[in-house]
Amino acid sequence: MVTIKLPMTPQIEITLLGTGGGRFATITQKRRTAGIHIISEDLNFHLDPGPGALVYLISEGLNPQKLDAVFVSHCHPDHYTDAEVLIEAMTKGTTKKRGVLVASRSVLHGNEMRFGAAVSKYHQQMPERVIEALPDTNFQVGNINVLVTEARHTDPDTVGFRFETSEFGSFAYTSDTEYFEGVSKYYGGVRLLILCVMRPSGKPWKGHMTTNDAIKIIERAHPEQAVLTHFGMQMIFKGPAKEAGLIEEETGVPTIAARDGIRIKFGETISVQTSRKAQQGLNRFF
Ligand SMILES: [Zn+2]
Ligand SMILES: [Zn+2]
């Protein structure tokens with residue numbers, strides 16, 4: 001019998017493993033804080049592995065030992081706590097020098113302001129490559145070109161990332177930032193924009209993004225799809241889905257509020273799937 005294997009449409013799978021952000025959403029785990037896991041044809045990487053990243057990767061059936069890169073945008077615990085253990089997984093329990101660590105200056109070296117290095121020197125020696133992510137620089141990881149975007153946050157070294165793929169165009173992650181003149185230019189032309197919208201509309205907080213700020217960024221960048229994540233307590237209580245509706249109404253850009261465990265298929269089209277566990281409400285503490 002001859003079996004004909006049809007080629008699978010290559011696409012990138014983006015799992016929003018955690019959608020909580022800020023101190024209180026983190027310490028209560030009102031939403032998970034496990035970051036974002038991305039699988040492309042030749043590269044698996046994890047963005048901002050906060051508390052729970054390792055545990056939820058495994059519980060969602062993802063394999064941290066298949067990671068090729070770990071990205072850490074800044075030196076706050078909801079973004080970095082599981083970075084070292086994911087580096088250990090990426091390097092086969094520290095037995096193999098492999099993979100890439102991409103991290104802000106504060107995460108690698110600490111900064112004068114108040115933050116110590118968040119990844120130890122010991123763990124920084126394990127990956128094959130360590131890239132200090134400075135705004136407006138770019139580099140290649142696998143077949144993805146990464147542009148480091150500027151963010152303005154309470155860790156002054158915070159950065160966001162824009163990922164350019166050859167087949168499907170680009171997607172981006174703002175990380176924690178307040179709105180500033182020129183932020184949208186980093187995201188112009190992206191097809192999928194993931195925004196860390198910590199606060200709801202009308203609740204501004206220096207260094208953080210509100211729904212109103214997200215509207216300004218999305219209006220100018222005009223992506224094909226916007227995804228809100230990294231919700232603080234006030235946002236959670238107000239209802240992220242309602243806030244996403246507001247953004248969609250104002251900008252005309254399809255916008256969803258992420259839920260823990262959703263998977264986005266990024267290919268010729270962009271589609272969102274809710275995980276079985278998220279649907280059953282088992283997303284917390286499985
Ligand atoms: Zn944060
Ligand atoms: Zn932060």
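I looked up strand E9 (residues 159-165) and found 6 of its 7 residues buried (20 or more other C-beta atoms within 10 Å of the residue's own, with C-beta atoms placed from the backbone; exposed is 12 or fewer, partly exposed in between). Strands (E, at least two residues) and helices (H or I, at least four) are DSSP runs, numbered from the N terminus.

The model is predicted, so I took local features at pLDDT of at least 70 and side-chain atom pairs at pLDDT 80 or more, while totals for chains, interfaces and linings use all residues. Residues are numbered from 1 along each chain as its sequence is written, and chains are lettered from A and ligands numbered from 1 in the order in which they are written.

Next I checked the partners of E9. Strand E8 (residues 144-150) pairs with E9 in the antiparallel sense over 6 bridges (pairing needs at least two DSSP bridges). Val146 stands opposite Phe163 of E9. Strand E10 (residues 169-173) is also antiparallel to E9, over 5 bridges, and Arg162 has Ala172 in E10 as its bridge partner. I noted 3 residues between E9 and E10 in their hairpin.

Then I turned to helix H4 (residues 83-90), where Ala83, Leu86, Ile87, Ala89 and Met90 are buried. Down the helix axis, the buried residues of H4 fall within an arc of 160° (taken from the directions from the axis to the C-beta atoms), so they line one face of the helix. Their cover includes strand E3 (44-47) and helix H2 (53-59). After H4 comes Lys92, with a positive phi near 55°.

Terms used: Contact = placed C-beta atoms within 7 Å.
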